[in-house]
Amino acid sequence: MSERDEGLYDALLHRGVSRRTFLQFSAAMAAALALPASFAPRIAAAVATAPRMPVIWLRGQDCAGETEAFLRSSDPSTSQLLIDLLSIEYHQTLMAPSGTSAEAARIATMEKYPDGYFAVVEGGIPTADGGTSCLIGGRPFADVVREVCGGALVTIAVGGCAVDGGIAGASGGPTGSVGVSRVASDAKIVNLPGCPVNVENLTATIVHYLTFKELPVTDSAGRPLFAYGNLVHNQCERRAHFEFGEYVTTWGDEAAQKGWCLYKMGCKGPEAYANCPTVKFSEGLSWPVKAGTGCIGCTMPGFWDAMSPFYRRLQSPIPFGLAPGINADQVGIALVGGIAAVTMVHGSATFVREQRNNALGRRRAGKATKAARAGRVDVVEAPAEIDEATVAIAAADLDAAAPEIPTTPPAAPEPDAAAPAPAMTAAPEIPTTPPAAPELPAAPEPDASAAPSGPAEPEVR
Ligand code: SF4
C-alpha cells in the first residue's frame, strides 16, 4: 500500500506525528476557518480518513516565495502537516526528474486522477509575445496552466503573482503577466494572495475542502472570507496607539522603540484585508507590523501599483477614488469640512423652508380673511348655547356603545390533562459551512484617518 493510499492519519502516524498533535491541528484548523471549536472533531474525522490529495504544483514568473513558505516550517506544525496532507506529484523545484521526464510525470498524474487532483499555481503568467517569457517543457506557461487547471478538482492560486500577475504584471512590466483566473477562466479557482501566501491559509483552505467537500466562502476577488474578511487595521496590536494619536514619525525614533502606530510611516493596514495580525507567520511568531515595519497591503489587488509607495501614505486613496494629489489626511479634513458644510446647508435650507411656509401661511390666511369679508365664504356660526338635554342624550348613546372595560385580567384557561402534548418541532439543521457573508466590495475600507469620529491627531510625544 502506498503512502497516498493509506490515508492521511495513517501516514501521519507513520511519520511519528502523535494523535495529540493531530487533534491540536484539527482544533487549529477550526479556529483558522473561524468555525466553532465543536467543528474540530468533524475536521479530525474528515481529514483522518481522507486520501492524500494528489497535487500538481506549477511555478511561473515568481521568486519561489510560496514554495519557501510551504517548506520552511518547524516540525511538527500546521504547515508541516500540510505536507503530509498532500501528495505532491509534480513540483518543478522539488521533484527529482527534470525536462521531459518531469513533464511525463505531470501528464501521468492528470491521466491517473482526472478531475481528482489539486492544481496549485505559484507565479505570474506572461501573455505578451505569445507568452514566451516563461516556457515549461518548451510550451508557454499559460498553455500549461490552462491545461492543468482545466482538469483539476480545484485550483488554488497562491501568492499575489498567481492571483493578478504580481510584480511582473505591475505598471511598466513588459511580459503582460496576469493571474490564473485570466488564463483558466473555466477552472474552479480560489485566490490566496499575499507576498508570500500565508501557508496556514493554504492549509485551512485544503482542510475546508476535505471536510465540507467545497471551497470556503469567498469575496468578490475570490479570496476566502475566513482569511481575507477583516481589515488588518482592525486586528492590529498597535491599534490603541492609532486611536490615541501615538505615531512613529521617523524610523528608529522613541515612538518606534515603544511600538507605536506606523500609520504615518505608510502602513496600509487601514486599506488591506488579511488575517496576518492574528495568524502571523513563522508558526505564529510574528508579522510585519509586530516586526516594526508597516503593512504594504500585499493581499490587495494590484498592490504593487495600488499600495505604493509603501513607506508613505497613499496619495490617491482607493476607497474614495479621489484625484491624485489628495492624501489621507486631506481626505479627513475634507470630510470634516464636508460634514460641517452639509450641516450648514441643511440648517439654511430648513430656515428658508420655514420662512417660506410661514410666508405662505400668512398669505393664505390673508386671502381667507379678505374672502370672508367680501362675503365669498360661508361662515358657520357656532350655536349661542348648547342644549343640556342634547348633551345628556349624546352621553347616554356613548355609554351604550362603549364596551365594558374589565377591571381584572381574564383567568387563564385550565390546561387540559387529557389533551395530547404538542409535538416538538424538529430542531433546525446545523449548517455545515459558515453562512454566506455579504460580498465585500473590491475596494478596501475608507482610510481610517478619514473617519469623522476619529480623534484629531495630537503631536507625537
Ligand atoms: Fe496597525 Fe498599521 Fe493600523 Fe497602525 S495603521 S494600527 S500599525 S495596521
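Modeller: Two strands pair if DSSP finds at least two bridges between them. Strands themselves are DSSP runs of E with at least two residues, helices are runs of H or I with at least four, and both are numbered from the N terminus. What you see is a predicted model, in which local features need pLDDT of at least 70, side-chain atom pairs count only at pLDDT 80 or more, and totals for chains, interfaces and linings use all residues. Residues are numbered from 1 along each chain as its sequence is written.

Let's begin with strand β1, which covers residues 53–59. Two partners pair with this strand. With strand β2 (residues 86–91), β1 runs parallel over five bridges, and one spot to look for is Trp57, whose bridge partner in β2 is His91. With strand β3 (residues 118–122), β1 is again parallel and again joined by five bridges; here Val55 has Phe118 of β3 as its bridge partner.

How many residues of β1 are buried? Seven of its seven residues are, where buried stands for 20 or more other C-beta atoms within 10 Å of the residue's own (exposed is 12 or fewer, partly exposed is in between, and C-beta atoms are placed from the backbone).

Now move to another pair. Strand β6 (residues 154–158) and β7 run parallel and are joined by four bridges, with Thr155 standing opposite Ile189 of β7. Strand β7 spans residues 189–192, and both of its faces are covered: Ile189 and Asn191 are buried on one side, Val190 and Leu192 on the other.

Step back for a moment to see the setting. The protein has 19 helices and seven strands, and buried residues make up 36% of its 461 residues. Two residues are in contact if their C-beta atoms, placed from the backbone, lie within 7 Å. Among contacts with a separation of 6 or more, 72% in this protein join residues 24 or more positions apart.

A nonpolar core is a set of buried Ala, Val, Leu, Ile, Met, Phe, Trp, Tyr and Cys residues joined through C-beta atoms within 7 Å. The largest one here has 93 residues, and Ala119, Val121, Val145 and Val180 touch the most other members. Where does this core lie? Domain 1 (8–228) and domain 2 (230–351 + 438–461) both give residues to it, so the core lies between them; the domain bounds come from an automatic or database assignment. Take Val145 as an example: leaving aside neighbours within four places in sequence, its contacts are Leu58, Val121, Ile125, Val180, Val183 and Ala184.

Setting aside residues up to four places away in sequence, Gln235 touches Asn230, Pro277 and Thr278. Gln235 and Thr278 are 43 residues apart along the chain, with 7.0 Å between their C-alpha atoms.

Finally, some backbone details. Most residues other than glycine have a negative phi, and most peptide bonds are trans. In the loop between β7 and α10 (199–212) sits Pro196, joined to Cys195 by a cis peptide bond with omega of about 5°. The bond from Ser308 to Pro309 is also cis, with omega near 5°, and Pro309 is found in the loop between α17 (303–306) and α18 (328–373).

What is the phi of Ser282? It is positive, about 50°, although Ser282 is not a glycine, and Ser282 lies in the loop between α15 (276–279) and α16 (288–291). With 14 other C-beta atoms within 10 Å, Ser282 is partly exposed. Glu283, in the loop between α15 and α16, has a positive phi of about 60°. Glu283 has 15 C-beta neighbours inside 10 Å, so it counts as partly exposed.
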